[in-house]
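Here is a short briefing on one protein chain. Look at the sequence and the fold before reading on.

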Amino acid sequence: VDAALDGQAPPLTQARIRVRLTDGRELSAAANGARGYPEHPASEEELAAKFLACAERQVPRERAVEALEMLSAIERLENVRSLAGILAVPDPVRAGR
C-alpha cells in the first residue's frame with residue numbers, strides 16, 4: 001500500500017507508475033478513479049466490449065453478441081430464460097449421456 005495515495009478511495013482506483021528508460025529518462029503517470037466507478041463511468045461502448053470479452057470466454061461470439069443485444073433491451077424481454085439459454089454453457093457430463 002502506498003501511503004501517498006488516498007487511503008479513503010475505493011480499492012483499485014488509484015495507481016502511480018514510474019518507468020526508467022534505457023537512455024536514463026524517467027517517465028511517470030498517475031491515475032485516480034478507475035473506469036466503471038460512479039465518479040468515472042464507463043461508456044456504453046466500453047461496457048459492451050467488456051461484456052463481449054468476458055462472455056466470449058465461455059460461449060461463441062455470435063451467442064455473446066445476441067446476449068448483449070438482449071441485455072440492451074432487457075425491459076422488453078417477455079422471459080429472461082431466453083437470455084439465460086443463450087449464455088448457458090453445456091454441461092459436459094450431461095452432454096455425454
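Predicted model: local features only at pLDDT ≥ 70, side-chain atom pairs only at ≥ 80, totals over all residues.

Residues are numbered from 1 along each chain as its sequence is written, and side-chain values use heavy atoms, with hydrogens and water left out.

**Overall shape**

- The chain holds four helices and two strands. Both kinds of element are DSSP runs numbered from the N terminus: helices are H or I with at least four residues, strands are E with at least two.
- Along the sequence the order is β-β-α-α-α-α.
- The radius of gyration is 21 Å, whereas a compact globule of 97 residues would have one near 13 Å. This radius is taken over C-alpha atoms, and the globule rule is 2.2 Å times the number of residues to the power 0.38.
- The C-alpha trace spans about 60 × 35 × 25 Å along its principal axes.
- Of the 97 residues, 10% count as buried. Buried means under 20% relative accessible area, exposed means over 50%, and partly exposed lies in between (1.4 Å probe, protein chains only).

**The two strands**

- Strand β1 covers residues 14–20.
- Strand β2 covers residues 26–32, runs antiparallel to β1 and is joined to it by seven bridges. Strands pair if DSSP finds at least two bridges between them.
- Gln-14 stands opposite Asn-32 in β2.
- Five residues lie between the strands of this hairpin, where Gly-24 takes a positive phi near 95°.

**A surface patch**

- Val-19 lies in β1. Val-19 is partly exposed, at 37% relative accessible area.
- Val-19 forms a nonpolar surface patch with Ile-17 and Leu-27, and together they have about 260 Å² of accessible area.
- Patch residues have over 30% relative accessible area and no salt bridge; like charges are joined within 9 Å, and nonpolar side chains (Val, Leu, Ile, Met, Phe, Trp, Tyr) within 5 Å. A salt bridge is a side-chain nitrogen of Lys or Arg within 4 Å of a carboxyl oxygen of Asp or Glu.
- Accessible areas come from the Shrake-Rupley method with a 1.4 Å probe; for residues, only the protein chains shown count as cover.

**A buried residue**

- Ile-86 sits in helix α3, residues 81–87. Ile-86 is buried, with a relative accessible area of 11%.
- Leaving out residues up to four places away in sequence, Ile-86 touches Val-59, Arg-63, Glu-66, Ala-67 and Met-70. Contact means heavy atoms within 4.5 Å.
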